[in-house]
Every structure is written in structure tokens, then in C-alpha cells.
Amino acid sequence: MRRRTSLAAVGAVLALALAACGGTGGSSGSSGGNGTFNAGINSVVNPSTKAGGTLRFANAGDWDNVDPADTYYGYSWDFIRFYGRALTMFKPGAGSASQQLVPDLATNLGEHSADFKTWTYHLKPGIKYEDGTPVRAKDVKYDVERTLDKATFPNGPTYFNDFLDLQGYTSPYKDKSPDKLGLKAIETPDDNTVVFHLKKPFSGFDYFAMLPATIPVPPAKDTGANYKTHVMSTGPYKFENYTPGKSMALVRNTNWDPATDPNRKALPDRIEVQLGINADDLDNRLIAGSLDIDVVGTGVQAAAAAKIQSNPNLKKNADTAPTTRLNYVQISSSVPPFDNVHCRRAIEYATDKQAMQTANGGPLSGGDIATHLMPPTIVGSKAINPYPSGPSNNGDLAKAKQELQACGKPNGFSTVISARTERTKEINAALALQQGLAKIGIKAEIKKFPQGDYFKLYAGKPDYVKKNGLGLIMMSWGADWTEGFGFLSQIVDSRVIRDAGNTNLGVEDPEVDKLIDKATTTADTTARGAIWAQIDAKVMDDAYMVPFLDVKQLLYRPPNLKNVYISQGLNGYYDYAQLGVK
Amino acid sequence: MVNFLIRRLIAAIVLLIIVSMVTFAIFFLVPRLTGASTADLASRYVGKTAGPQAVHEVEIRLGLNRPLAVQYWNFVKGIIVGSHYNFGPSKVYCGPPCFGYSFVNQTPVWPDLLDRMPVTMSLAGGAAVIWLVFGVTTGVVSALKRGSAVDRVSMGIALAGVSLPIFFTGLLSLAIFRDNLKLFPGAGTYIGLTQNPVTWASNLVLPWVTLAFLQAALYARLTRAGMLETMGEDYIRTARAKGLPERTVIVRHALRATLTPVLTIFGIDLGTLVGGAVLTEGTFSLPGLGKFAIDSINSNDLPRVLGVVMVGAFFIVLANLVVDVLYAVIDPRVRLS
Amino acid sequence: MTEPDAIPVQAPRAFLEVRDLVIHFPTDDGLVKSVDGLSFGLERGRTLGIVGESGSGKSVTSLGLLGLHNRKNARVSGEIWLDGQEIVGSSPDQVRRMRGRKMSMIFQDPLSSMHPFYTIGAQIIEAYRIHNDVSKQVARKHAIDMLERVGIPQPDKRVDDYPHQFSGGMRQRAMIAMALSCDPELLIADEPTTALDVTVQAQILDLIRDLQKEFNSAVIIITHDLGVVAELSDDILVMYGGRCVEYGAVEDIFHAPEHPYTWGLLGSMPRLDRERSDRLLPIKGSPPSLINVPQGCAFNPRCAYGELNEGRSETERPELREIAPGHRVACHLDRADRQRLWEEEVKPKL
């Protein structure tokens with residue numbers, strides 16, 4: 001009886017599985033189309049100028065915030081351009097053209113003083129909010145003031161906090177001046193002019209001007225932390241509704257004047273975002289055609305990746321988008337024997353990068369093997385390979401042993417690898433690293449930490465790292481924008497190191513700091529890029545980091561989606577502002 | 001009966017207090033015991049490049065720097081009399097029951113909970129009806145036809161139902177019925193009952209059935225076992241000896257006794273589900289309490305976690321209470337002792 | 001004479017007549033021969049006691065008489081005639097209609113035999129209304145009457161009590177009231193007093209006797225306790241291993257029993273006039289497995305006198321033979337030997 005029951009159970013499961021197989025075979029509702037694999041990387045797929053329809057986004061989670069003062073997600077900086085205009089923005093277009101900044105609210109890029117400490121922008125005339133009131137220069141200033149208030153808006157980047165000459169200013173909500181515009185670091189001599197005063201020179205300020213922090217907010221409409229429920233639009237779309245965790249809908253903003261805005265196509269009539277959608281189901285819906293795009297844009301889940309890989313009909317609608325994210329291993333110079341550069345170099349040579357790439361999903365959904373810090377899409381990135389790891393990137397064990405010899409540890413040593421518990425790929429990469437190192441006698445123990453506290457309590461806390469001997473720290477870092485400063489400053493500048501919460505996990509080199517200062521006072525983009533490449537080479541030479549993967553994300557674009565391309569300026573996301581569905 | 005109810009209510013309140021204290025402790029005491037400072041806790045709620053000043057300000061805004069007892073007291077006070085919150089330009093009053101504001105996105109917790117309750121109730125309620133009807137019917141038929149093909153097949157399906165995880169059957173059902181057969185096109189999206197009852201039901205059919213499949217399997221096995229046991233009872237023999245038709249014997253005598261323990265479990269299951277059908281909501285993207293709970297835990301959002309835990313505990317306690325009362329109504333032996 | 005007539009069914013002579021009743025249960029371990037060829041008769045107004053150890057097949061017999069065995073898992077053959085109607089061959093529904101009305105049963109444990117969720121009244125009313133097309137009020141009135149007749153005080157109040165609110169004796173009275181609610185012509189009482197304490201036992205037995213007189217029904221008392229049958233029965237049927245080993249009037253069984261098993265039963269019967277130490281003469285060994293019933297006399301392995309017949313008991317099953325009018329015994333021993341053993345060896349020890 002029991003046996004027969006089990007047989008019946010097995011039968012039922014088989015029936016289900018068969019039904020599923022039969023199902024996926026027959027489902028190709030949206031897998032047709034004329035696209036080709038990776039067509040979206042350097043060209044516009046399904047070009048269109050036809051307006052109308054509803055663009056359907058979905059998000060497996062939710063925004064950190066939709067308030068321009070409080071958001072740090074890459075996809076959010078892309079999406080926010082539907083309803084907000086900053087001083088500058090990345091140029092629309094496929095491929096590397098999109099790395100160029102163009103004015104948005106401003107008439108031109110910033111005018112700087114000779115010392116790069118004063119930056120002036122002029123606003124285009126005739127730009128209005130959704131309610132028809134004109135946008136004024138002080139509204140730009142007001143939103144920058146808001147972003148300074150980290151108690152109310154904790155999520156956004158801190159570039160303005162770090163660079164503006166604040167003179168003690170903390171928040172418009174503590175501002176005693178009647179118009180709440182008491183910040184001295186920003187001047188608004190008239191309604192169309194904004195002047196920023198920095199406390200230290202910075203030649204790349206146009207990138208700061210691209211941040212959502214410069215999207216104007218009318219002080220009269222500001223409701224603080226509540227403002228997110230209805231952000232006053234300056235872009236082509238305005239909020240119809242937004243229920244955090246559930247859904248968002250945007251409709252056309254009739255007060256947006258396309259004449260002032262050559263950079264947004266604004267094709268759909270309506271934009272909907274479903275929030276909190278099961279990630280695997282989201283992929284299925286994209287493939288089935290009942291959704292247009294995954295707003296988070298970090299690539300499909302493993303199940304869908306496998307389907308895309310095996311089905312040419314799906315693969316032709318997919319792109320492996322290059323990003324500015326690098327996966328690397330930080331070598332802690334504070335943990336012996338890594339205080340010796342030769343021991344660090346031994347790790348550089350012994351690392352089995354090929355296995356670590358496989359652990360991340362392989363070339364299709366993982367990325368390319370990295371040999372230096374700056375990913376290739378960063379302006380000025382120079383391909384170097386100071387530690388060649390053999391023909392198939394499995395490690396150069398002979399060189400590694402030589403370095404061990406030079407370090408005085410010919411038989412290897414013991415150390416600890418730290419990784420984040422929740423990140424399966426990271427754990428698997430750590431295992432691959434562990435196995436590679438074992439070949440030259442280095443015994444590495446893997447310790448796992450919760451990702452929420454990884455930087456705050458463990459790997460980003462120098463005391464902890466030293467005390468617990470975290471010699472090798474698994475790390476993943478993405479640039480805020482495709483320029484050397486946006487990528488390198490937070491991971492190699494020794495002056496950003498604090499007691500805890502660090503992302504520079506131990507690169508302390510006065511020469512590097514000096515080069516950073518040189519870069520931030522160089523106006524010419526190309527010259528600046530060359531300096532960042534120099535820093536890259538210097539850090540590599542000192543072997544503080546083992547880069548192993550330039551992350552790519554496997555994105556799916558349903559064939560009914562029009563005007564699709566990957567913007568390198570936007571870190572490898574599709575350029576949402578240009579999408580259409582007709 | 002009144003005494004019994006009052007005693008149970010007091011016990012329920014005490015339980016809720018303990019649950020809230022334990023949740024508090026897990027959030028604050030455990031990290032402290034492992035050596036984290038209040039600033040470390042606060043740093044969870046600031047962006048990735050925030051400086052110490054920002055961390056400190058968030059620490060003050062969230063009240064993390066205050067003694068634990070004071071924080072707990074403020075939480076309780078908020079529920080009873082409401083509380084004021086700093087929103088930047090103005091202070092906002094949050095009336096009772098104020099479960100505080102989310103640490104992460106600063107929205108009040110209580111309206112969110114209210115907003116999500118109907119979702120979970122719709123899911124749990126609909127599924128409950130299905131699984132109770134199918135589970136009990138299958139169990140009874142299986143028991144009466146013990147050893148027959150019907151019994152073996154239905155128990156086989158039940159075994160599969162118990163063993164298969166919801167995120168598997170759920171995604172499978174979506175792939176087959178929504179994407180391939182184009183039935184229930186809105187499955188995976190929640191539309192309120194009051195918004196459009198037809199869409200509400202059609203969108204919920206798959207989650208209902210998926211959840212009910214798992215539960216019906218459990219109930220079929222439970223009912224079958226109970227029925228087999230009951231059919232062997234002396235009073236069933238008596239009922240037959242009296243000359244009652246078999247149908248009356250089964251329905252009036254056997255089923256009633258079998259359903260009593262089933263009802264107990266049903267009540268508790270329903271209470272637990274209303275507290276959050278975590279997997280089903282996650283699989284079908286339903287913005288209910290279960291998904292809310294998981295999201296809140298993942299983002300370390302204490303006020304939300306507390307809120308959802310309290311609501312969940314409330315429903316479980318309530319379900320237990322209702323079951324106890326119902327039990328007394330059904331079984332006279334319980335009533336009088 | 002052209003062709004033979006169809007063999008006429010032999011009309012039953014008695015009110016209840018059981019002929020060669022066989023009840024077997026096929027199981028995974030083998031065929032359980034609970035009842036294996038049992039025959040007896042019973043008239044209205046008479047009481048038959050069926051006696052035997054547990055596992056002798058007496059309860060299975062009683063359920064068989066009511067047609068309560070599930071045809072899927074029991075093989076029943078033979079004939080049971082009740083007031084001219086045959087039961088074994090009838091449809092389940094026909095038998096069902098007879099149950100409770102023509103024949104009813106009192107069970108051993110009144111607590112477990114009554115539904116715990118329904119009041120005593122509801123259970124009597126249910127039994128009554130199945131067979132009588134009357135309103136609830138009339139049925140309730142009848143239930144109260146019945147409760148009164150079985151001696152339950154304040155029956156109009158107790159009718160709404162649940163079984164667990166009754167004492168053991170009262171519960172058994174209520175059970176009897178339920179069984180008698182439709183004036184059955186055959187009443188089967190299966191160990192009606194086993195679960196009760198001694199003083200209550202006597203009351204219940206008195207009640208059954210009184211009611212039998214009143215209703216003039218045929219009664220079968222099933223028990224392992226010879227004391228109970230001595231009180232009530234006119235005739236006694238001793239069962240062993242699914243068969244009848246001795247049948248006779250009460251006087252025959254108590255004063256001139258001829259089967260060694262009956263002797264054993266008499267020996268294990270408690271008596272108040274004996275010392276505690278020698279009060280019981282237990283039968284050694286345990287009842288036979290009903291799957292592997294010994295080939296010869298089922299009682300042979302436990303029989304103290306089995307050697308006296310040169311091994312016949314081991315190989316040959318003894319037939320039930322009439323040794324005196326109304327007295328039948330199934331034993332290979334010489335009648336003279338049996339009488340001698342009873343008089344000389346057994347009786348003095350009792």
C-alpha cells in the first residue's frame with residue numbers, strides 16, 4: 001500500500017513536470033522578433049518614433065527612494081529622468097557615445113573657475129513644473145540642501161556633503177533663514193543661475209551636476225520624507241500614483257516642453273511599474289511578453305539565463321550588457337604575511353580566475369575575466385595584465401611559487417577569506433579562490449558574514465579585519481558613473497578610510513592620493529583618464545587587489561519593445577527615457 | 001464561558017507583549033551582545049557612503065541611541081496614544097494605533113499593514129475554502145474506499161502535494177496556465193475585491209489552488225486517518241446497529257467526530273496564514289503581510305517587522321481563541337470540564 | 001413424477017434459527033476463521049447465553065446476526081432466519097431496515113458505544129425515527145418514556161444530557177432504552193455488564209430480565225462470565241475456536257456439563273462462598289489462533305484429558321452430538337469417561 005502510494009506520488013510529480021516541459025516548448029509568445037544577440041550594445045534595436053501605448057516595468061523589490069534627494073540605485077538614476085531633470089545628463093545613444101555629458105536643465109555644461117572650485121550653470125528659460133509654475137535656480141539649490149540632510153535622506157551619495165564648502169550647514173529643515181536657502185556654498189544670483197562653491201578643487205563637477213540631487217524641488221511643495229509620494233515633475237511624465245512596495249504609475253506631464261529637451265524621446269503615453277514581483281516570475285513574464293522591462297536591470301535570474309542560453313529564439317532578444325562593476329579580492333596589507341608585497345603578488349599569480357568566472361555564471365551571465373581595476377567601459381581605462389595567469393587563466397603557479405619564495409614563505413601559509421553569506425556566487429567564487437591557492441600551499445579558511453553588515457561591522461572595519469586576520473576579502477564594486485573618479489576614489493583613496501563602513505579596504509599609498517588630486521584638477525577628459533589609468537597600474541603593481549571579473553548582466557528585451565539600447569553612460573542599463581512600445 | 005474568554009484574552013495580551021519584547025530583543029540585544037554599537041545599528045539605515053555625522057543623525061532620528069527600555073516604552077506608548085515623528089520640514093502626528101514609521105522608507109507602518117491585510121485575507125480565505133472542501137472530501141472518500149484505486153491515486157497526489165514546495169508548483173502553474181494556456185492573464189497581480197470582484201477572483205485562482213493543493217493534501221491525509229479511526233469507534237457500530245442508513249452514519253456520526261480535530265488544525269492554519277502566507281505571496285507577487293514581513297526582515301526594518309509580527313501573532317492568538325470556543329460548541333465534553 | 005421439484009427451502013422451525021453460520025476474514029496473515037459452522041435456534045421469550053473466552057467468536061457471531069459485517073472484508077455463509085426472513089442472503093438495505101426494529105443490540109461499553117457529541121435523547125430519538133414515521137415531539141416523548149421504563153430518574157431532564165454526564169449504570173440503562181425503543185423481537189446483549197461495578201451489574205441484569213418479560217422478545221446474552229448467564233439464560237451455548245463445543249439447558253451446563261472446556265469455564269467462575277486462594281481454576285494455555293485452528297479438537301492442546309482417547313483429538317475434529325434431549329457436546333471422550341471425570345475429578349474442586 002505504502003509503496004503504491006509513493007508510486008502514485010512519483011507519477012503525479014512526473015505529470016506536473018511533463019506538463020511544464022510541454023509548456024515551455026510551446027511558449028514563444030514573445031520570443032520572435034528581428035533582434036540579434038547583443039545588438040543592443042552598440043546600436044538601437046527596433047528604432048521607432050511612434051508615440052503611444054503603455055510601457056510596463058516591473059521591479060522584484062522597490063526603490064531605495066524615488067525622491068531625487070535620496071536615491072543611490074543605478075536604475076533609479078536612469079528611471080528618474082522620466083519625471084526629473086538635473087543640470088546635466090548622459091547623452092542619449094548607443095555605445096560609448098553615451099559616456100558624454102550634455103546639458104539638461106542647464107544651457108551648457110558648467111563654467112569653472114581656474115582653481116576648479118567654483119562652478120556656474122545657467123538654466124534654460126521656460127522650464128516648468130507639472131503644475132505650470134516655473135523652475136527657478138533656487139529650487140535646484142533647495143534640493144541640494146535637502147540631500148545634505150542625511151537624517152531625513154540617508155540613501156543618496158554624499159558628494160555634495162564632501163565637496164561643497166558647507167560652513168557647518170546641515171539641513172534646510174534646521175535652516176533659520178526664512179526662505180530655507182541659507183547654504184552659502186550655493187549662490188543663486190538670479191532665477192536662472194546657480195553657482196557652486198567647493199572646498200577643494202574638482203574638475204569633474206559636471207558629473208555631480210548629473211546626480212538626481214540637482215533635480216529642482218519647489219520648497220513650497222516639500223513634505224520632507226513624504227515628498228516621495230508625489231515628486232513634482234519637471235520631466236515628460238508625472239506621478240499618477242505611487243504606493244511603495246506595490247505599484248507606480250506615471251502619465252504625461254503636459255507642462256513638459258519638448259522644445260527645451262532634445263534628449264528624451266518620451267514615446268509611451270503611460271508608464272506602469274509593478275513592485276515586489278517574484279524575480280523568476282518576472283523573467284517568465286518578460287519572455288511571455290506580458291511585461292516590457294525589468295527596471296532593476298541587473299540581469300535575469302539563473303533559471304531564465306539557462307533558458308536564454310539554450311534557446312536561440314530567446315537569445316537573439318538578449319544582451320550581455322557591460323557594466324562598470326568589478327569583482328575583486330582585496331588583499332589586506334595589514335594582515336601578515338600580506339604586509340609583504342611578494343606574498344600579495346603570489347596571490348595575484350595563483351588565483352584561478354577562470355574557475356571564479358564560472359562560479360559567477362560564466363561569460364554569458366557572469367562577465368569577462370578582469371586583469372586590472374578599471375572596467376573597459378570607464379573613460380581612459382587601459383588594458384593591462386601585470387600578472388598573467390596562464391593561457392586559460394587558471395593561474396601561473398610557477399610565478400606564484402617564486403613570489404612565495406621571495407616573501408620567505410616557500411611552503412605557503414594560512415589565511416582567511418571573507419565573503420557575504422547571502423551571495424551564492426560570491427561564496428562559490430571564494431571556494432574557487434580557496435582551491436586555487438591550495439595548489440601553492442596556501443590554506444585559506446572561508447568566513448561568511450551577513451551582507452547588510454559586511455562593511456559596517458566586518459570587512460569594512462579595519463580593526464576587525466586586523467584582529468580577525470581577514471587576509472583576503474571578497475569584494476564587488478561598481479562605479480557611480482563611467483569615469484575614473486566615480487570608480488576609483490572610494491576604493492583607493494586613503495583619505496576616505498574611516499573607523500568602519502569603508503569601501504576602501506586598505507589601499508594606503510600617498511602616491512596614489514597625490515595622483516587622485518592631480519586628476520581632480522585636470523580639466524581635459526582624456527588627460528584625466530590617463531591619470532586614472534596610471535593609478536590603476538600603480539595599485540595593481542603594489543598588488544592590493546586581485547581583479548577577476550568585469551561583470552556583465554544578461555538583459556532580456558522583449559521584441560515588442562522599441563528604441564532599445566544599452567547606455568554605457570548609465571552603467572549598462574537600457575536607456576529608459578528613450579523606450580517605446582509602438 | 002465568559003470567565004474562560006476573559007482568561008484567554010488576558011493570556012493573549014500577555015503573549016503579544018512577550019512576542020513584541022522578543023522581537024525587540026532579537027533586533028537590538030543580539031547585535032549588542034555580538035559587539036555592535038548603536039552607531040553600527042544606525043549605519044544599516046544610511047546609504048553606502050554616509051559619513052559618521054550622517055550615521056549619528058540617523059541614530060538620533062530613529063532613537064537608537066536611547067536605552068532599550070525607553071525605545072520599547074515609546075513603541076508601546078505609540079500604539080496606545082500615538083506619537084510624533086520628525087519628517088523634515090514638519091512634525092507629523094501618528095495616531096493610535098501607531099506602530100511607528102519604517103526605518104527604511106519612513107512610511108507609517110499601520111496604514112501599510114491595513115493595506116496588506118485584505119490581500120492576505122483574500123488569499124488565505126479563498127484557499128481555505130478550496131482546501132477544506134477538497135481535502136476533507138478526498139480524505140473521506142479515501143477512507144471509505146480504503147485500499148481502492150481511488151484511495152491510492154488520491155493519496156499519491158496528496159503525497160506529491162505535501163512534498164512539492166509552493167515556489168515550484170506556483171511558478172509551474174503560472175507558466176502553464178497563465179503564459180501557455182493564457183488563462184488568468186492577471187495572475188501574479190493583486191486587484192482589490194472592491195475594485196473589481198471578477199478580476200480579483202480570476203487573478204487569485206492560481207495562488208488559491210496552489211496553496212490549497214498543498215494544504216488540501218495535508219487535510220486529505222489528516223481526514224483520512226481521522227475517518228479511519230472514527231469508523232472503528234464503538235459508537236459507529238452502535239449507529240449501524242440502530243439501523244441508520246450508511247450515509248447518515250458517515251455524515252452525522254463519523255464526519256462530525258472526524259472534523260473536530262481537523263477544525264482545530266484548520267483554525268490554527270488559517271490564523272497562521274492570515275499572519276502571512278510567506279511563500280505563496282512571494283511566488284505570486286501578492287503584496288500581503290507575508291511578503292511585507294520578508295521584505296521588512298531583509299531590510300532590517302524594525303518597526304515594520306514589529307508591526308507585522310504583532311499582527312501575525314494577533315491573528316494566531318485570535319484563531320486559537322475561536323478554535324477553542326468552536327471546540328466547546330462542537331464537543332460537549334470540552335464545554336463542561 | 002416427471003422431474004424433481006426444486007429443493008424446497010427447509011422452513012425454519014424456530015423464531016431465530018442459525019444454520020451452519022461461517023464468518024471468515026481474509027487478512028494478509030491468512031484466513032481468520034472467527035465463526036466456523038455454528039448452528040442454533042431460539043424462540044421468543046427465551047434467553048440464550050453464548051459463553052466463551054475472548055476470541056472464541058461470540059462477538060463476531062452477534063455482529064453477524066445483525067448483518068453488521070462489511071461484505072468487502074468478511075466472508076459470511078450459512079443461514080440466519082429471523083421470524084421467517086433470511087439475513088445472510090438479504091440485501092444490505094433490507095437487513096439495515098430490520099436492524100434496530102426487529103433486532104437490536106446492547107454493547108459492552110456504553111460510554112464508547114454512544115456518540116459523545118449527541119444527547120442521550122437525540123440518540124434515542126434518532127433510533128426511533130428511523131423506523132417510525134413520527135414527529136420529533138412524539139419521538140422525544142417516546143424517548144422520555146423509554147428512559148423512565150429503564151429506571152432513569154427525572155427522565156424529562158436527563159433526556160437532554162450527554163452520555164458523559166451519566167453514571168456508568170445509568171448509561172447502560174440509557175443504552176438499553178435506545179435498543180428497546182422500537183420494540184425489537186430479538187435483543188442481543190454483548191457483555192452488557194462487564195464495564196459496570198458489581199452492584200450495578202445485578203440491577204442491569206434484573207432490568208433486562210424484566211424487560212424481556214414485558215416485551216416477550218428473544219434475548220441472546222453474550223458473555224465470558226457464566227455467572228451472568230446463570231442469572232438470565234434458559235439455554236447456554238459454549239463456544240470455542242469459532243465453534244459450538246457444548247449446548248444445553250442451564251441445568252445441563254451447570255450440573256452435568258460434559259465438555260472439558262465447560263468444566264474449565266465453571267472452574268474459573270468466581271464464587272462468593274469460596275476462599276480467595278482456591279477460588280479460580282484457570283484453564284491453562286491461551287485460546288487458539290483463529291488462523292491456525294488445531295487440526296483435531298480445537299481444545300486439545302489445552303485439554304487435560306486429551307490422552308484418554310489414543311490421539312483421536314489430535315487428528316479428528318469431534319462432531320457436535322446430541323447426548324440427551326437438548327444437550328449436545330463435541331468431544332471424543334467416552335461419555336462414561338466424561339461423566340466419571342466430572343463427578344470424580346472436576347466437581348469436587350468447584
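Begin by selecting chain A, where buried residues make up 56% of the 582 residues; a residue is called buried if 20 or more other C-beta atoms, placed from the backbone, lie within 10 Å of its own, exposed if 12 or fewer do, and partly exposed in between. The model is predicted, so that local features need pLDDT of at least 70 and side-chain atom pairs count only at pLDDT 80 or more, while totals for chains, interfaces and linings use all residues. Residues are numbered from 1 along each chain as its sequence is written, and chains are lettered from A and ligands numbered from 1 in the order in which they are written.

With chain A still selected, colour by secondary structure to see 19 helices and 19 strands, these being DSSP runs numbered from the N terminus (helices H or I, at least four residues; strands E, at least two). The C-alpha trace of chain A spans about 70 × 70 × 45 Å along its principal axes. Its radius of gyration, taken over C-alpha atoms, is 25 Å, which agrees with the value near 25 Å for a compact globule of 582 residues, the globule rule being 2.2 Å times the number of residues to the power 0.38. Among the contacts in chain A with a separation of 6 or more, 74% are between residues 24 or more positions apart, where two residues are in contact if their C-beta atoms, placed from the backbone, lie within 7 Å.

Next, select A:Gln578, in the segment after strand S19 (573-574) of chain A. Is A:Gln578 buried or exposed? A:Gln578 is buried, because 23 other C-beta atoms lie within 10 Å. Leaving aside neighbours within four places in sequence, A:Gln578 is in contact with A:Pro92, A:Lys265 and A:Asn563; the C-alpha atoms of A:Gln578 and A:Lys265 are separated by 4.9 Å, although these residues are 313 residues apart along the chain.

Move on to chain B and select helix H7 (residues 166-180) and helix H8 (residues 197-231), which pack at an angle of about 140° with their axes 10 Å apart. Axes here are lines fitted to C-alpha atoms, for helices over the stretch in contact, and angles run from 0 to 180 degrees between N-to-C directions. H7(B) and H8(B) are therefore oblique to each other, given that angles under 35 degrees count as roughly parallel, over 145 as roughly antiparallel, 65 to 115 as roughly perpendicular and the rest as oblique. To inspect this contact, show B:Ile166, B:Thr169, B:Gly170, B:Ser173, B:Leu174, B:Phe177 and B:Arg178 in H7(B), which meet B:Leu206, B:Thr210, B:Leu211, B:Phe213 and B:Leu214 in H8(B).

Now display the chains together. Of the two pairs of chains in contact, chains A and B share the most contacts, whereas chain A and chain C do not touch, their nearest C-alpha atoms being 12 Å apart. For the contact between chains B and C, select 18 residues from chain B and 23 residues from chain C. On the side of chain B that touches chain C, helix H9 (234-241), helix H10 (246-274) and helix H14 (332-336) each supply at least two residues, and H9(B) gives the most, with six residues.

Finish with chain C, which has 13 helices and 12 strands. Buried residues make up 45% of the 350 residues in chain C, and its C-alpha atoms fill a box of roughly 70 × 70 × 40 Å, taken along the principal axes.
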